[in-house]
Amino acid sequence: MSKFVDFMENKLSAPMARLSEQRHLLAVRDGVISALPFIIVGSFFLIFAFPPLPKDWAITQWATEHAAEILIPYRMTMFIMSLYIAFGIGYNLAKSYKVDPLSGAQIAVAALLLTLTPTALDELGFVLPMQYLGGHGLFVTIIVSILAVEIFRVCKQKQITIKLPEQVPSSVSRSFEALIPVAIVIILMSTITVVMGVNLHHVVDKLVAPLVTAGDSLFGVLVPVFLITFFWSFGIHGVSVVGSIARPLWEVYLVNNSQAVADGASTIPHIAPETFYQWFIWIGGSGATLGLVIAMLLFARSKYIKNLGRATIVPSLFNINEPVIFGAPIVLNPLLIIPFIITPIVTAIIAYFATSIGLVSPTYIMPPWTLPAPIGAYLSTGGDWRAVVLVLINITISVTIYMPFLKLYDKKMIAMEQGEE
Amino acid sequence: MKVLFVCSGGMSSAIVVKALKTEAKKHGHEMEVHAIGTSEVEQEMQKGWDVCMVAPQIKHRFNQVKVHADEAGVPCGAIPAQAYTPLGGPLLYKTLNELIK
């Protein structure tokens, strides 16, 4: 058994975790995360525009009439999140190469903007097609931000820059250093977009279409769900590893969903943004461990498990479960790893079907992840009370799955405690 | 003594912070313990810490943290998995003392 565990840890989980620390993946991850405050705050304006209140109330009618105005903060934040993310990716990638992060961020933004063609409108002057700066633009954003910063740092490392004498203030010489790479990026991007007339967004949309479909299928949901608890079983932060790769896709789903709601579409397109995992599956944290902690409080007889249950119930309500994962421990403990992996798979399947057959609204708002799950699920679905019911059902199921394993483990602990006395 | 905890987002280690402080008090020491996420390591490390401890769930990033700790001359060690719980105070305190020896 210990050989097997060693093999899994050293040959499988550790190398995969290190892969997620690859420079570009890391920059994309940190870039996307840097935009989350804008996505979280921006998404809440959707609730204000479409409040979950009876339709005949005066306030609901007022909100519906003024939805376009109420949604302006949303349009300028979440709706164009790719613009914020381009800045974040450029900044973080440049920083990892130890070249000027601010220049890196600005070059990435320029590269993204140059994938768009502004149109002149009589009364407004030039306008940008904003929809390409939202969910649809994210993949292009990742590609061109990385490309732009790579050009920037190669120029810098190969000394292809304009050098000024040392007496010149550093802020001035820094902006001159960026001249040549900025020129290369702007000429390259303009050639693609303007001279060749290629809309990169259309090209990339076609390329990633299969991925976007796959990630939203039941299988596409179960793979990350499994991998996340698999990593945690070895004590590695699963969401931070798997999220590095999957989060861009999850944010695309979220923004597309929010856009459908903002545009008054009758159906919401995607089942599985990150919010779906967060509120219906990771209840109490990855592995749906709120169920385990409740089982500890209800059934544990050993001193250690009882104390642990009391110490971890509050953090668990706010979806922080490292104390349970390392405290029980679940890490490298086969007896608890089994339900830890099975439970979220079962609750994911239930939540997936509940959402896909329309029993629960898809999620499109991103509340902060430290809210208790029933509240988060209610807000995230734009105020669907059935989402709260689904959360409660999933909690009950997770308590049920964890219970027999916990009882076995509890017996072991009682025996150990008696042995000590 | 000033202790810096590093975890993924600076959330979970906040719980363990309390466990260490309580344990240190039992031994008659006042401790300043601060929890941060990996993204803040580079900046925070310069602020004069006596020791830096890295949470077990980011052991795959331990070397990244250690580079910054070495630059700043701060002793840096991993928190054992068994110590990373609200009940892990004693082991945490022991690990800490071995680090600064």
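This is a predicted model: local features need pLDDT of at least 70, side-chain atom pairs count only at pLDDT 80 or more; totals for chains, interfaces and linings use all residues.

1. B:Cys7 belongs to strand β1 of chain B, which spans residues 2-7. An unreviewed UniProt entry marks B:Cys7 with "modified residue: Phosphocysteine".

2. Is B:Cys7 buried or exposed? B:Cys7 counts as buried because 27 C-beta neighbours lie inside 10 Å, and the cut-off for that class is 20 or more. Neighbours within four places in sequence aside, the contacts of B:Cys7 are B:Ser12, B:Ser13, B:Ala35, B:Gly37, B:Ala55, B:Gln57 and B:Ile58.

3. Strand β1 of chain B is part of an open sheet of four strands, in the order β2-β1-β3-β4, with parallel pairing. At the edges are β2 (32-37) and β4 (76-78) of chain B, each of which pairs on one side only. On average, and with direction ignored, neighbouring strands of this sheet are turned by 25° against each other.

4. Within the sheet, β1(B) and β3(B) run parallel and are joined by four bridges. In this pairing B:Leu4 stands opposite B:Cys52 in β3(B). On the β4 side, strand β3 of chain B (residues 51-54) is joined to β4(B) by three bridges, and this pair also runs parallel. Here B:Cys52 stands opposite B:Cys76, and B:Met53 opposite B:Gly77. Helix α4 of chain B, residues 89-99, packs on the sheet and touches β1, β3 and β4 of chain B. The direction of α4 makes about 130° with that of β3(B).

5. Turning to chain A, UniProt places "domain: PTS EIIC type-3" at residues 8-405, again from an unreviewed entry. Over that range the chain is 70% helix and 2% strand. The end C-alpha atoms of the range are 22 Å apart.

6. The domain assignment of chain A is a separate matter: it gives domain 1 at 22-208 and domain 2 at 219-420. The centres of domain 1 and domain 2 of chain A, taken over C-alpha atoms, are separated by 32 Å. Contact between them involves 21 residues of domain 1 and 20 residues of domain 2. On the domain 1 side, the elements that give two or more residues are α2 (23-34), α3 (36-49) and α9 (138-157) of chain A. Which of these gives the largest share? That is α3(A), with six residues. By class, this side of domain 1 has 17 nonpolar residues, three polar and one charged.

7. A:Ile33 lies in helix α2 of chain A. A:Ile33 counts as partly exposed because it has 19 C-beta neighbours inside 10 Å, where buried would need 20 or more. The C-alpha atom of A:Ile33 is 8.4 Å from that of A:Gly88, although the two residues are 55 residues apart along the chain.

8. Helix α15 of chain A, residues 274-281, has eight of its eight residues buried, so this helix is largely enclosed by the rest of the structure. The buried residues are A:Glu274, A:Thr275, A:Phe276, A:Tyr277, A:Gln278, A:Trp279, A:Phe280 and A:Ile281. What covers these residues of α15(A) includes α13 (218-233), α14 (238-262), α19 (334-356), α20 (373-380) and α21 (385-420) of chain A.

9. The last point concerns the contact between the two chains. How many residues does each chain bring to this contact? Chain A brings 21 residues and chain B brings 17 residues. On the side of chain A that touches chain B, at least two residues each come from α1 (2-19), α17 (303-317) and α18 (322-327) of chain A. The most come from α17(A), which gives five residues. This side of chain A has eleven nonpolar, six polar and four charged residues.

Definitions and conventions
Residues are numbered from 1 along each chain as its sequence is written. Chains are lettered from A and ligands numbered from 1 in the order in which they are written. UniProt positions are given in the numbering used here, feature names are shortened, and annotations may be inferred rather than shown by experiment. A residue is buried if 20 or more other C-beta atoms lie within 10 Å of its own, exposed if 12 or fewer, and partly exposed in between; C-beta atoms are placed from the backbone. Two residues are in contact if their C-beta atoms, placed from the backbone, lie within 7 Å. Domain bounds come from an automatic or database domain assignment. Ala, Val, Leu, Ile, Met, Phe, Trp, Tyr, Cys and Pro count as nonpolar, Asp, Glu, Lys and Arg as charged, and the others, Gly among them, as polar. Two strands pair if DSSP finds at least two bridges between them. Axes are lines fitted to C-alpha atoms, for helices over the stretch in contact, and angles run from 0 to 180 degrees between N-to-C directions.
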